[in-house]
Amino acid sequence: MRKTRSIRKMLVVPSSFSFALLVVMMVLTASILYGSNITSHSDAQMLATSEQVLANYDTYFKSVLITSSEIASRYESAPLSDRESAFQSYFDTVMSLKSEILDMSLYSATDGSVIAHNTASEPSGASLTDDQWFLSAKDNQQINVFSHLEKTSEDYRFGLSKYLAYAPDSSFDAVVKVDFDFTAIVNIIPESTLGVGGRFILYDKDYNLVYSPNNDETEALGYVQKLVIGSSNAVKLNGHAYYLYATTVANTTWRLAIFQNRDSVVSALTSFSVVISCVGLGVVVSYSFILLGTVNRISKPIEGLSQEMAMIESLNYKATLHSEIKGSSEVVELNRSFNQMMSRMGELTDDLVSEKEEQRKSELKALQNQINPHFLYNTLDSIIALVDKGENVKAEAMIVALSKFFRLSISSGHNVIPLLNEIEHARNYLLIQKMRFGDSFAFEINVAPGLEKYFVVKLILQPIVENSIGHGLKEGETGIIKIKADEEGDYLRFLIEDNGYGMTPSKVEELRRSLSDETVYKGVGLKNVFQRIRIYYGPLADVQVESEEDVGTKVTILIPKKEALHGEE
Amino acid sequence: MAKNRIRILALLPLLSVASCSSKGTYVGLYVYDVSDVFMSSFQSEIVKDLEDVYPSDTVAQDGAGSQATQNAQFVKDLDSGKVTAAVVNTVDRLASSALIEKAESKQVPLVFINREPLQEDLRKDAWSIEHCFYVGGNPAVEGAEQAEIARSILGSPSEFAASVYDKNHDGKIQLAILKGEQGHQDSEGRTTNALEGLSDYQVDTVKSVYCNWSLSQAYAATKALSGENIELMIANNDAMALGAIQALQEADAAAGVPLSTFSLRHYPIIGCDGTTEGRKAVRYGYMTGTVLNDYVSQSKVVVDLLRYLISNEAIPTYDSTVEVKGNAYYVAGPKIVAEP
């Protein structure tokens, strides 16, 4: 399990990470490139618009200036006589040609009295102390003075005043005042082209507001003062982004500031960043999922394979047969090989098990067969002796016992026989031996009630009893052999006890060791029983030997009860 | 915004390198229009003089007649930080106050040439009084000298009526004036002072026309005057005087009149600036006289002022040819007439 997870990690994590890094870099690069592109493009466009607005202003003021120059030239060369009517008709002509001129009038520079005016207007003369346009023109005789824009109900207008020197006699110096319509220039660039809140603002050189569509331009002024002239800048005003262009207006002392809304640029940048980030994220996520899917298709079968391999530990060779593994061809091939290997192993194991079984059976048969001839010869010898002595009754009884004994021994070829039969078998044996050895010993057999249902491997009591008779009986004493069968916990317990010579502890120890040691052939009978119950009942079955010198020997056979409930199948 | 920051961060090392390498003194030079003959000579002279003091490969920036263009050039250079001081020949003298404001924000001293800022702009605050100057010709002297040239030809007011120059014998001078540009201090100053110098004559100004310092405009204006009785022409500069001469010469050529009789057939024409072409015309007798607008001396004054502004050298003092008024230095030049 840990291995497959690390395969997934090894593949998915670094790969996803580097891919994500790549995507992030691409997104960043794209954003930066797009940002600088769109910014420089829109800046260039806005600069062009600004320059267009400025060009309109320049053209407009150039035309204003030409008018002013014409008047100045004319005044210098005009004869003093008839100035009034000459200029009035000149003014009327100019105004008929130039629609942007609203009013023209000429004043004496010395006393401010009206010299001439266009027919339509009614000037009342200039005050020598109050009228700023008049005073400024006198102060700055070389330049055109522009008065601030006035907004009337129907138009914007501004005034131009210019000092006119009359060289031959300075007492005839004059000041001309021309009112221009500013509405046209304001309307040339509709504010809609400058975007929401876009506008242009005119300041004089001390940053007093000359013209603005808004009343309060304090915040804008800060930016304009910072920029002064010429260059442009991106600014934020009242929550909107603007492109600000500031410069001087030719032939005037005015400053022009143009604010163009660039919210759309900012929002385009933002939405582009958002969209490309989302796309990038989507690409990374779907890449990771695809990768994860692919890796799963590799790692899942391997995981399944490893789970099945883990089942080998529990010796379940049939595990592979249950699952069909899908995956890459390598993994399928691996699985097929594994399945083949497992089924081959299963076959081999089955063979091994049946082989072992056969071996066990034949061994069992052989061991059982070991017993019979040995006893038969002895008994037949005893019968011959009885017949020789003419004790025919005894001989007959012995033959009957022998016959029963063998019948039980054979038990129709069954290895496992009812427990009572086995007891009966031992009894017949004891009877035979008792007769053979001339009643030199007595025996008791106790079977606890309720043992009728049990079956045991046959010929387990007789060899022990044989030992007791053969080695256990003291000469000159009446030996007693006791056989007891009962239940002890999960076990059936058989107790074979004698009161013979017994054995030294070292001998007991030697005997115990010989039981499980296959290379030692001592105590043929006991070992034979031990091996047989071990073969049949497994390691739970046991044979215990207790012995004390000159007291007797006690052999206990323990058989697990649940293994003894059925006869031979 | 973030992107801007990134870009600015990326540029920072470059900027610092750039500012280090241009640590030396660089004097920015801005000319209203290098196609103007006089200004072209003037700016070459300044570049030449600067080489000796602040060698920095100064190249004059051409405003090409647009104040907006000049504003952009000026602001770009000042913002880049490479300019130690600037010499400016504005397109529009009224833009000076904005240029001073910008220069003050960058602490770059200015010397204006040829187009004089209003005194109120030049001395608008303590900084500008310390750091902004004007150097140009002396229009009052130039105008007066033009009048003197006229007087030496026309004779005294009492003699004039009897001279050949009073063509219609009315005792008045029929005068045509070719003016530079409206609002230019030299144009207005020269005209006013020339007329003042002739105020004891009876002057009848037939025509006063702005030709924007331009030969071709003066040529057209002079053609328009044909048929009028003109007894004297005063031009604010040589280029316009030459335009007038060209118009008259072409009319003569069309009529089959030889050039040698030019000065006898036409009215005296007086120019100003003393350009090479102008002096040639004087030598040949087509132009009666001109007044030197002494850009060589003016250039010296400009460099002197720069040395004061940049290197804290003593503020220069001059003889009577240089009139100092506030922050303005007016350099007078001699009149140039044909050798007798």
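This is a predicted model: local features need pLDDT of at least 70, side-chain atom pairs count only at pLDDT 80 or more; totals for chains, interfaces and linings use all residues.
## Chain A

The secondary structure of chain A consists of twelve helices and 18 strands.

## Contact between chains A and B

Chain B contributes 35 residues to the contact, and chain A contributes 32 residues. On the side of chain B that touches chain A, at least two residues each come from α1 (2–21), α3 (67–80), α4 (96–106), α9 (185–197) and β7 (202–210), with α3(B) giving the most, namely eight residues. By class, this side of chain B is made up of 14 nonpolar, eleven polar and ten charged residues.

## Helix pair α2 and α14 in chain B

Helix α2 (residues 37–53) and helix α14 (residues 295–311) of chain B have axes that come within 9 Å and cross at roughly 40 degrees. Because of this angle, α2(B) is oblique to α14(B).

The residues of α2(B) that take part in the contact are B:S41, B:F42, B:E45, B:I46, B:D49, B:L50 and B:V53, and they meet B:Y295, B:V296, B:S299, B:K300, B:V302, B:V303 and B:R307 of α14(B). Sorted by class, the contact of α2(B) with α14(B) holds eight nonpolar, two polar and four charged residues.

Terms used:
Residues are numbered from 1 along each chain as its sequence is written. Chains are lettered from A and ligands numbered from 1 in the order in which they are written. Helices (H or I, at least four residues) and strands (E, at least two) are DSSP runs, numbered from the N terminus. Two residues are in contact if their C-beta atoms, placed from the backbone, lie within 7 Å. Ala, Val, Leu, Ile, Met, Phe, Trp, Tyr, Cys and Pro count as nonpolar, Asp, Glu, Lys and Arg as charged, and the others, Gly among them, as polar. Axes are lines fitted to C-alpha atoms, for helices over the stretch in contact, and angles run from 0 to 180 degrees between N-to-C directions. Angles under 35 degrees count as roughly parallel, over 145 as roughly antiparallel, 65 to 115 as roughly perpendicular and the rest as oblique.
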